[in-house]
Structures are given as structure tokens and as C-alpha cells.
Amino acid sequence: MRAESESYKGIEYVRISHLPTDQQEKITASLSRDVVIKILKDGNIIDDCIPYSEYLHWFEQHQQGSVIRPAPAHPQGIFKLSIK
């Protein structure tokens, strides 16, 4: 079952900890840590986020039974957002 995205400041993402257990295990084992982003939301760092586009790519590959290749990561690997 495909997860719904969350959105903050225009960034669509999924949290690994909010995925079904089987997806948590498989996505953690198959994706590069470079794909995981951090989001500063309400003064708290959420450090288990994956851009939704990366998740959809992984999900499509996983559902088709294809070999899962890490998708390109954001150059810095971290998004820092704050409310002013």
C-alpha cells in the first residue's frame, strides 16, 4: 500500500517511521542514507524524511519486483526549514 505524502513549506515527504513495518525495513535496507533528509518543524528536527518523489520511485520499483537502485540525492542531503 502506497503511503500518502506529508507536506511542510512546499516540501512533500514521507517519514520512514510512519510507513508500514515491511516498507520501513525494505526502504532502510535498499535506499542510500543520502536520500534521507532532515526537516526543522516547530523547533524539532525530523530526521527520518524521504522526499515523496524518491519514495514513489522506490515504491514503483519495489512493486514491480525490479532491482532497486538508489535515486539521486539532494546535493546537500539536508533541508533546514524554520519559521520566522
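# Briefing: sheet, cores and an aromatic cluster

Strands β2 and β4 run antiparallel and are joined by 3 bridges. The two belong to an open sheet of 4 strands, ordered β1-β2-β4-β3, with antiparallel pairing. Strands count as paired if DSSP finds at least two bridges between them; strands (E, at least two residues) and helices (H or I, at least four residues) are DSSP runs, numbered from the N terminus. This is a predicted model, in which local features need pLDDT of at least 70 and side-chain atom pairs count only at pLDDT 80 or more, while totals for chains, interfaces and linings use all residues. Residues are numbered from 1 along each chain as its sequence is written, and side-chain values use heavy atoms, with hydrogens and water left out.

- Strand β2 (residues 11–15) is joined to β1 by 3 bridges, and the two run antiparallel.
- Tyr-8 stands opposite Ile-11 in β2.
- The hairpin of β1 and β2 has 2 residues between the strands, and Lys-9 takes a positive phi near 50° there.
- Strands β3 and β4 pair over 4 bridges in the antiparallel sense, and Ile-39 has Ile-46 of β4 as its bridge partner.
- β3 and β4 also form a hairpin with 2 residues between them, where Asp-42 in the turn has a positive phi of about 55°.
- As a general point, strands of a sheet pair through backbone hydrogen bonds, either parallel or antiparallel.

**Cys-49 in strand β4**

- Cys-49 lies in β4, which covers residues 44–51.
- Cys-49 has a relative accessible area of 0%, so it is buried (buried means under 20% relative accessible area, exposed over 50%, and partly exposed in between, with a 1.4 Å probe and protein chains only).
- Beyond its neighbours within four places in sequence, Cys-49 is in contact (heavy atoms within 4.5 Å) with Tyr-13, Val-14, Arg-15, Val-35, Val-36, Ile-37 and Ile-39.
- The C-alpha atoms of Cys-49 and Val-35 are separated by 8.6 Å, and the two residues are 14 residues apart along the chain.

**Nonpolar cores**

- The largest nonpolar core has 13 residues, and those with the most contacts inside it are Val-14, Leu-19, Ile-27, Leu-31, Ile-50, Tyr-55 and Trp-58.
- Helix α2 gives the most to this core, with 4 residues.
- A second, separate core has 7 residues, including Ile-11, Ile-37, Ile-39 and Ile-46.
- A nonpolar core is a set of buried Ala, Val, Leu, Ile, Met, Phe, Trp, Tyr and Cys residues joined through side-chain atoms within 4.5 Å.
- In soluble globular proteins, nonpolar side chains tend to be buried together.

**Aromatic residues**

- The structure holds 3 aromatic pairs.
- The rings of Tyr-52 and Tyr-55 form a stacked pair, because their centres are 5.9 Å apart and their planes lie at 25°.
- Rings of Phe, Tyr and Trp (its six-membered ring) pair if their centres lie within 6.5 Å; planes under 30 degrees apart count as stacked, over 60 as edge-to-face and the rest as tilted.
- Tyr-52 and Tyr-55 are both in helix α2 (residues 52–64), 3 residues apart, or about one turn of the helix.
- Tyr-52 counts as buried because its relative accessibility is 11%.
- Tyr-55 is also buried, with a relative accessible area of 0%.
- Tyr-55 and Phe-59 make a tilted pair, since their ring centres are 5.9 Å apart and their planes are at 35°.
- Tyr-55 and Phe-59 are 4 residues apart in α2, so about one helical turn separates them.
- One aromatic cluster is formed by Tyr-52, Tyr-55, Trp-58 and Phe-59.

**Other contacts of Tyr-55**

- Not counting residues up to four places away in sequence, Tyr-55 touches Met-1, Arg-2, Ala-3, Val-14, Leu-19, Gln-23, Ile-27 and Ile-50.
- Tyr-55 and Arg-2 are 53 residues apart along the chain, and their C-alpha atoms are separated by 9.1 Å.
- The side chains of Tyr-55 and Gln-23 make a polar contact (2.7 Å).
- A polar contact is a pair of N or O atoms within 3.5 Å; within protein, one must be able to donate a hydrogen and the other to accept it, and residues adjacent in sequence count only if both atoms are side-chain atoms.
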